[in-house]
Amino acid sequence: MPELPEVETICRSLKPHILNKVIADMAVFWPEALVGGGMPDATNPSDTNPGNTNLVDADLDRDELAFPASHIVGRTVVNLSRRGKYLLVDLSKGVTLLIHLRMTGQLIYHDTPQIVANIAKHTHVIFYFEEGEMHYVDPRKFGRIQIVRTLDVPSLLEKLGPEPLDEFFEFDALGLRLAERHKTASIKSALLDQEVVAGLGNIYTDEVLFAAGVRPNRPVQDLKASEIILIHQAIREILAESIDFQGTTFRDYRDANGKVGKYKKSLKVYGRNGKTCIVCKTKLISEKIAGRVSCYCPNCQQ
DNA sequence: CACTAAACCTGGGAGC
DNA sequence: TGCTCCCAGGTTTAGT
């Protein structure tokens with residue numbers, strides 16, 4: 001579900017509710033949603049291993065590590081931020097919740113206590129504040145909330161590529177990353193690589209490549225500098241525009257207030273397979289590239 | 001190195 | 001209505 005604009009929207013909509021608030025209690029219905037350390041990895045058993053080296057607090061013992069609530073309850077939310085598709089919730093005394101929502105994860109804030117009958121199916125964790133509560137919901141159970149030391153966050157995320165909306169993200173940095181990591185690979189798969197640039201997923205790569213007029217299966221090494229410039233511009237413009245519309249809701253995505261994103265109406269190719277190109281009226285084509293369905297205009301994108 | 005498939009999961013839509 | 005099959009916004013690992 002959430003790509004950069006959606007995670008950014010969740011971050012912004014959550015902030016006024018929980019910043020500077022104390023986590024008074026928490027309820028865990030599916031413990032595997034909480035991970036003790038290391039990079040979040042649903043398939044790696046060592047992430048739930050108490051012997052993992054990237055532990056929460058250096059002075060915590062094994063027994064404490066079996067109960068993640070002990071690192072969270074009583075701490076204050078001191079900052080919320082986003083890096084790529086990760087949401088970072090900094091707590092007092094040096095603990096951070098490093099959250100990746102993967103496909104269907106949601107963080108929904110409720111002002112008032114929710115009675116059991118109103119708790120959504122697939123709610124895995126509830127964080128209770130003095131007033132209000134934050135629900136972590138994830139039908140497909142791909143997402144993870146990783147409890148780490150704040151000081152370990154930079155090293156945990158060091159492999160991520162540059163923030164595309166950062167003012168210092170220039171086209172030549174994108175070109176360099178593409179050249180370093182991908183040569184014969186398609187531009188589609190290269191842009192999905194979080195180490196090239198952080199935050200793009202299947203929706204926005206398709207939209208970016210349409211805006212840049214570049215066909216998704218083009219090998220990176222064949223791209224002209226002028227095309228890299230167009231791709232770089234498109235990344236920044238489309239992500240910023242989508243944030244202005246609170247992201248894209250196809251099915252599951254909601255912000256912290258449960259609201260859908262409105263950028264879906266602005267999508268020009270993603271999900272429009274078989275429909276006509278809004279520029280030239282050519283029928284849009286869908287093709288599997290890099291294991292993901294890609295939709296593009298065979299006329300506008302060469 | 002580059003690419004593919006599979007794995008992690010559930011639910012929705014299409015087709016019969 | 002109900003069944004089966006296929007698909008899905010992400011990421012990592014294993015295999016070719």
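Predicted model: local features only at pLDDT ≥ 70, side-chain atom pairs only at ≥ 80, totals over all residues.
Mentor: Let's start with the overall build: chain A has eight helices and eleven strands. Residues are numbered from 1 along each chain as written, chains are lettered from A and ligands numbered from 1 in the order written, and side-chain values use heavy atoms, leaving out hydrogens and water.

Trainee: How many aromatic pairs turn up in the whole structure?

Mentor: The search finds four. Take Tyr-109 and Phe-129, whose ring centres are 6.5 Å apart with planes at 50°.

Trainee: Why is that pair called tilted?

Mentor: Rings of Phe, Tyr and Trp (its six-membered ring) pair if their centres lie within 6.5 Å; planes under 30 degrees apart are stacked, over 60 edge-to-face, and the rest tilted. The planes of Tyr-109 and Phe-129 meet at 50°, so this pair is tilted.

Trainee: And what makes it a tie between parts of the chain?

Mentor: Tyr-109 belongs to strand E6 (residues 106-110) and Phe-129 to strand E7 (residues 123-129), so the pair joins parts 20 residues apart in sequence.

Trainee: How do you know whether Tyr-109 is buried or exposed?

Mentor: Check its relative accessible area: under 20% is buried, over 50% exposed, and in between partly exposed (1.4 Å probe, protein chains only). Tyr-109 has 9%, so it's buried. Phe-129, with 6%, is buried too.

Trainee: What about Tyr-204 and Tyr-263?

Mentor: They make another tilted pair, with 6.2 Å between centres and 35° between planes. Tyr-204 sits in helix H7 (residues 202-212), while Tyr-263 is in the loop between helix H8 (225-244) and strand E10 (285-289), 59 residues away. Both are buried, and together with Phe-245 they form one aromatic cluster.

Trainee: What makes you say that Lys-264 sits over the ring of Phe-250?

Mentor: A charge sits over a ring if NZ of Lys or CZ of Arg is within 6 Å of the ring centre and within 35 degrees of the ring normal. The charged end of Lys-264 is 5.0 Å from the centre of the Phe-250 ring.

Trainee: Why does Thr-96 count as buried?

Mentor: Its relative accessible area is 0%, so it falls in the buried class. Thr-96 lies in strand E5 (residues 95-100).

Trainee: What makes a polar contact with the side chain of Thr-96?

Mentor: The side chain of Asp-90, at 2.7 Å. A polar contact is a pair of N or O atoms within 3.5 Å; within protein, one must be able to donate a hydrogen and the other to accept it, and residues adjacent in sequence count only if both atoms are side-chain atoms.

Trainee: Which parts of DNA strand B does Arg-140 come up against?

Mentor: A polar side-chain atom of Arg-140 is 2.9 Å from a base oxygen.

How values were computed. Helix = DSSP H or I, 4+ residues; strand = E, 2+ residues; numbered from the N terminus.
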